[in-house]
Each structure stands twice: as structure tokens, then as C-alpha cells.
Amino acid sequence: MVFFKKPFTFENIPDLSGKVALITGANTGIGLITAREIARKGAHVFVCSRSKDKGEAAVSLIKEQTGNQNVEFLQLDLQNLKQVKKAAETFLEKGLPIHILINNAGIMATPYALSADGIEGQFATNHVGHFLFTTMLLPRIEESAPARIVTVSSFGHNISPSVGIDFENINTEKHGIWQRYGQSKLANILFTLELDRRLKDKAVYCNTLHPGYIKTELYGSVTEGWASLTAPIISISNALFAKSPEDGSLNQLYAATSPEIEEKNIRGKYFTPYAKISEPNKLAKNEELAKKLWTFTEELVAEKLAAPN
């Protein structure tokens with residue numbers, strides 16, 4: 001039998017002593033594995049998540065499994081922009097550099113709901129919250145260069161509305177749960193495209209990726225939304241086809257840590273498993289759409305932050 005040899009494994013992660021890494025959604029799933037393996041290589045790691053209890057439990061687990069005591073919890077609620085701003089400010093006040101930022105947190109195919117700011121939940125969590133967190137940390141990231149910004153997207157970007165980003169209906173129920181998810185994942189790629197354009201002369205390497213079909217808690221939201229219709233199908237599919245969280249973490253670990261990224265000047269790319277530069281769909285390569293999304297999001301964030309509590 002011939003076994004597939006992965007081009008990147010945990011053993012390929014270089015020594016990260018002296019590096020500082022922030023990973024959103026690092027309390028569970030591939031985010032937790034990513035944080036653990038980066039900590040194992042000596043980095044100072046921040047587990048960024050909404051739940052204090054789950055976040056601190058993840059910190060304790062990572063410390064226990066790696067022996068690295070430089071692991072901290074940073075409370076980050078991506079559905080509340082004022083709290084996102086506070087989280088970024090809390091970190092910046094520490095005076096630490098940022099060498100790795102992994103925008104890993106996400107929700108998928110959740111029932112229609114609005115965030116604390118009145119933004120459709122999937123778009124708010126997967127894109128808008130990460131946009132604010134990243135842009136607030138960006139000056140520190142630039143100061144810390146060479147640095148990496150990795151944003152987790154999905155093959156699901158292919159199921160966005162036909163216009164790509166339906167700016168006029170972001171917060172409505174016009175599109176179904178899967179199209180809203182696809183729109184948020186397309187936004188991840190477009191955000192990376194524009195971020196890379198803005199940083200093209202800097203030693204900040206921005207890339208995005210599809211982690212693969214992973215057996216994680218992410219699918220809990222799908223069964224919540226579709227209950228008895230999909231739960232048995234997803235259970236069987238997970239058992240037969242889903243990658244482990246360990247394998248699911250490899251793409252983002254490659255983009256965040258592999259020396260090849262800097263050696264080959266790999267930036268603005270979209271990876272599929274494992275460590276393979278692939279082509280997203282046509283909408284995801286639309287530079288004008290990327291610029292429009294950046295401006296739209298920037299204005300949306302400013303409006304929500306200015307709103308009274």
C-alpha cells in the first residue's frame with residue numbers, strides 16, 4: 001500500500017522562540033491544535049476566544065501538553081465590535097510584538113441572527129470582527145516584521161451569492177444560510193487580497209486557505225440549524241471522510257510558520273490541503289470587489305463603534 005506523504009507536518013514547524021502569536025478561536029478544534037503546536041515550538045501564544053472558561057481551559061491544556069508557560073488567554077467576542085476593539089487595545093497595552101496572527105475563528109451555516117451590532121451573524125464573526133481586530137493590530141504587526149497574517153477561509157466561498165458580496169442585503173434573510181456562509185468566506189479571501197496589496201512592500205506575509213473537511217465542533221451549528229434532517233448525514237460523513245483536527249491544522253500552520261513563505265515570497269495566496277497553492281474562484285480574485293469590501297467594512301465598523309451603547 002502506498003501512503004500519501006504530507007508535504008508539511010508538525011515536525012516541519014521551525015523553532016519559534018521569541019515569537020508572539022495570536023490565534024482566534026483557539027479554545028477548540030483546529031485553532032486549539034494550532035495554538036498547541038506553535039506553543040510547543042517555543043512561541044508566546046495568546047488564545048483568543050469569546051468564552052473565558054473555555055479559553056482558560058485551553059490555556060491550561062496547552063501549558064500541560066507542551067511545557068510552555070508563555071500561553072495566555074485574551075477575551076475576544078467577534079460579534080461585538082466594541083469588545084473586539086477592547087481586546088486589541090488590551091493586547092497592545094502589553095507592549096509585545098506580533099509575529100503571527102491567525103484569524104481562525106468562525107461559524108458555519110448558523111440560523112439567521114444578528115450580532116450585538118446588528119450585523120448578520122456569520123458575516124460579523126467570520127469577516128467584520130476579524131477585519132477590526134487585524135487592522136487595529138496592523139501597525140504593531142508591521143513593526144514586528146517579518147510577520148504573518150493568516151486568515152482561514154473555506155471551499156465554501158464558492159457558494160456565495162452570484163454577485164459575490166451582496167452589500168445591499170448583508171443583514172437580511174434574502175440569502176439562505178449556506179449562501180450567507182459562502183459570502184463570509186469569500187470576504188475572508190477578498191480581505192486577504194486587499195490586505196496583501198496594501199502590504200506588498202512590507203515583510204508581512206498575508207495568506208488564506210481552505211483547511212479541508214474537518215471533524216470539529218463547527219458542524220454543531222449545522223445540525224442546530226437543520227436538526228434531524230442533517231445530523232445523521234453529518235455524523236456518518238464525519239466518520240467516513242472528515243480529517244482530524246490535527247490534519248486540519250496543517251494548512252494554517254504551514255502558512256503561519258514555514259520558512260518557505262518568506263524564502264519564496266509567498267503572499268496573497270490561497271492554500272488547499274496540504275500546503276498547496278490553489279486558485280479560488282473568479283470572484284475571489286476580483287481586486288475591485290476586494291477594495292469595495294474593504295471600504296464598506298471600514299465604514300461599517302466606524303459606524304458601529306460610534307453608536308451609543
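Buried means under 20% relative accessible area, exposed means over 50%, and partly exposed lies in between (1.4 Å probe, protein chains only). This is a predicted model: local features need pLDDT of at least 70, side-chain atom pairs count only at pLDDT 80 or more, and totals for chains, interfaces and linings use all residues. Residues are numbered from 1 along each chain as its sequence is written, and side-chain values use heavy atoms, with hydrogens and water left out.

**Salt bridges**
- The count comes to 17 salt bridges (a side-chain nitrogen of Lys or Arg within 4 Å of a carboxyl oxygen of Asp or Glu).
- Arg36, Glu37 and Arg40 are linked in a network of salt bridges.

**Glu120 and Arg180**
- Their side chains form a salt bridge, 3.4 Å from N to O.
- Glu120 lies in the loop between strand S4 (100-103) and helix H4 (121-143) and Arg180 in helix H5, so the pair ties together parts 60 residues apart in sequence.
- Helices (H or I, at least four residues) and strands (E, at least two) are DSSP runs, numbered from the N terminus.
- Glu120 is buried at 1% relative accessibility, and Arg180 is buried at 5%.

**Lys174 and Asp166**
- In this salt bridge, the closest N and O atoms are 3.7 Å apart.
- Lys174 is exposed, with a relative accessible area of 56%.
- Asp166 is buried at 9%.

**Arg197 and Glu194**
- The closest N and O atoms of this salt bridge are 2.7 Å apart.
- Both residues sit in helix H5, three residues apart, which is about one helical turn.
- Arg197 is partly exposed at 36%, whereas Glu194 is buried at 2%.
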